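Work through the exercises below with the sequence and coordinates at hand. Each task is followed by a stepwise solution.

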Amino acid sequence: MSVDNISGSNDPYRLPRHVIPTRYDLRLEPDLSTATFTGHVTITVTVLQATQTILLNAVDLALQSAVVEGPNRQPLKASIELEPKTQRARLSFQEAIDPDEWKLVLSFEGKLNDQLRGFYRSTYKDSSGAMQTLAATQFEATDARRAFPCWDEPDFKAIFATTLVIDPRLTAVSNTTVLSESIEHNKKVVRFADSINMSTYLVAFIVGQIEATTPVYVGKTPLRLWTIPGKQPLTSFGQEIAAASLKFFEDYYGVAYPGDKLDLLAIPDFASGAMENLGAITFRETALLVDQRTGTHAELERIADVVAHENAHMWFGDLVTMSWWNGLWLNEAFATFMEMLAVDAWKPEWKRWETFSVARAAAFSVDGLMSTRPIEFPVHAPKDADAMFDILTYEKGASVLRMLEQHIGPVVFRDGVRQYLRAHAYGNADTKDLWTALGTVARQPVPELMDGWIFQPGFPLVTAEVCGQELQLSQQRFTYLMQQSVSEQLWQIPVQIRLNIGDRVEHRRLLLTERETTIGLPAGVISIFVNEGGHGFYRVRHHGALLQLLLDQGLDRLAAMERFNLISDAWATTVAGLMPLPDYFQLTARFKDERDRNVWTVLLDSFSFLNRITTPENRVALEALVCGRVGLVVKELGWDPKPGESDLVRQLRGDLIGALGKLGNDPATQQQAAERYQQYRKDPSTADANVVPALVAILAHVGDEARYEEFSERYRTASTPQEERRYLFSLAAFRPKELLKRTLTRTINGEIRTQDAPFIVGALMMNVDGREQAWEFVKANWDQMDRLFPKQGLRRMCGGIVGLATPELEQDVRAFFAARKIDLGGKTLEQYFEQLRIAVSFREREGGALQPLGLTR
């Protein structure tokens, strides 16, 4: 029977399974001057059942011809019908195509777009000030179909043989090594080697005036970094972590790198941080290039993280790929987990797993919503796939993997990962395949333990309370609107507990599977800490006397990650209404001697939240609180680094000075910032790199028109991507309305790259002095922003609405999005609305505690 109408799925976005591609011979000829390209592709397909119809993906392409060529058959020409809504092309033939191997030959044309997706153009100014163009690709999740007709789903893996026909003055890079270069009809023809069996979203090609570092070899693999001309001096740090992490992963996975070379390319216009195209990883410039002399610790850490993350994908994602986008976490959570392992091994002094606590807390902030989603979540339309690239997929996924690794042991976990990779190399896999591999090696029921963390939304709050000689533990789903919701969800929670008994310490481990349980306590217990080590993906409420016991024993008896969790959990329960705000204020006073940057990140984030929701008349009291908490620490640390000081302490100094000058609005700090910045401009060696961003941020906060013009010029003439970003974002921190108007205008008039503009608008909506103005601008210019900005950027820009934390603005926000029927994909918009509701509810509930008498120094 004919299967023309049988897709194997009722989902209109999924392709039928009766025609399977196995190889693409792809030839593309981009013309950078006209921003167009022509293409020709021969796709080898296996037809499983007789059919007169072939469906494949194509959008924003003009398909000129389609022919199938088969064994001992005359070529069959197709009529072509494009289906824009489902992004497909329907090829219809007058005769049946019988089961066999066929070659589908297509010719097509397209435009190099400016949406930073598909095959797109990126522009930059060269050393003479002339505008130059390069062409690059970004195909994940579903945009390969914008560059060539294909089966654009992750489980349609195939071999790709790419040929690029380009201007002889330009250079071309793709996934594999160059087999040959020749000149034909005054064009350079670059032929690349066959790829491994891989998904369409991993195909890449970059064409332009680009330069490469001398290759370094990791085993047999040549590794290079590519930049536009003039930026090669910024490559050494990225190349160092690229080589170190590649070697680390080969050793950890026990599987050789699957490509024949590894190129890392910095692209001037790039929508996300980076993209793990096999053998040709593309990056935003800030995520790859840096001057180590002027980069802050945080900026260096970001580059190390992103490079290691993308390298980890060469195995998790490229060699073994999720079957469909609902399993994206298998790629991204693992790459996030592995980036931590690699960077921690490379720079143990950075204490990377401790600083990961901040990322885990950020995941908590979204997963504590009623509108959160499970890590693995149904995906239908392309916009739903795009929406999966969020903090739940990355940070929550990595957090639960870390919890599992600590539960079954790092060696057992690694061996399970190796078994998974060997079993599914060059193919696709699902969550159950990973659990099977880990469970087999661990000899434990991993699926039963982990399915609750992957397939149900949210996370538990574990309440710990002492009743006589027993410790009572109970679990319930944590939400910020807990008083408005009841959940029957349960998790299997690996709980680690430390008991301090006089001079000795006792450790307990248990798997909490029921609603509540009790544990007998030995005599003489003086303190109890639940979630020892801080790796569990759950919040803990040390209730009643238990919290007081911990505080009485002294916070210095807790590890840094445990202190982080203690204050982070306390702040979350305060926002949820389980701890009164005055009690939280009193708790923050206990941290005046704290010197861990991650702990201070929680404290400063909580003060920033309060700054967004407080009324102008109460802001003076909040500033006094910030000065009281931060001032003594800044006084002790000083403004200049001390000999032997760690990078983490240097970064802490910058964070606290910035908070004192902005949130604390401290005039003395602002004055000193102005003086030190003036010295820094004359002699950059007079200021530690980690303090410079604080100087810039403080001066923007108190800045006038002259300062705005100065920082605008510094943005235009920046010598590193980090400096450019620093001064660009400072323009969103000024407070005079006329200056903010200029910044907003620049987001849509071409002065600010579209990769950055949506983030600037989002930042302005978080600026308490400019949020109403920014929101009015968004409403007035929504249609233009929707056309200009990359969809991912537009989605992230809308996250700025959580800063519009007044009842009047909340009502207006909801009305605008409802009237426009705006859909950001997945549950994204619903989550933004709920975060805004939480902030406004907190303002209404706790406003009294923000009165001056409610705050003490």
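**Exercise 1.** In which helix do F334 and F337 both lie, and how many residues apart are they?

Solution. The model is predicted: local features need pLDDT of at least 70, side-chain atom pairs count only at pLDDT 80 or more, and totals for chains, interfaces and linings use all residues. Residues are numbered from 1 along each chain as its sequence is written, and side-chain values use heavy atoms, with hydrogens and water left out.

Step 1. Helix α3 (residues 329–346) holds both F334 and F337, 3 residues apart, about one turn of the helix. Helices are DSSP runs of H or I, at least four residues, numbered from the N terminus.

Step 2. Both F334 and F337 are buried (under 20% relative accessible area, 1.4 Å probe, protein chains only).

**Exercise 2.** Classify the ring pair of F337 and W353.

Solution.
Step 1. Rings of Phe, Tyr and Trp (its six-membered ring) pair if their centres lie within 6.5 Å; planes under 30 degrees apart count as stacked, over 60 as edge-to-face and the rest as tilted.

Step 2. The centres of F337 and W353 are 5.7 Å apart and the planes stand at 50°, so this pair is tilted.

Step 3. The pair links distant parts of the chain, 16 residues apart: F337 belongs to helix α3 and W353 to helix α4 (residues 352–367).

**Exercise 3.** Which charged end sits over the ring of W353?

Solution. That of R402, 3.9 Å from the ring centre. The criterion is NZ of Lys or CZ of Arg within 6 Å of the ring centre and within 35 degrees of the ring normal.

How values were computed
Helices (H or I, at least four residues) and strands (E, at least two) are DSSP runs, numbered from the N terminus. Buried means under 20% relative accessible area, exposed over 50%, partly exposed in between (1.4 Å probe, protein chains only).
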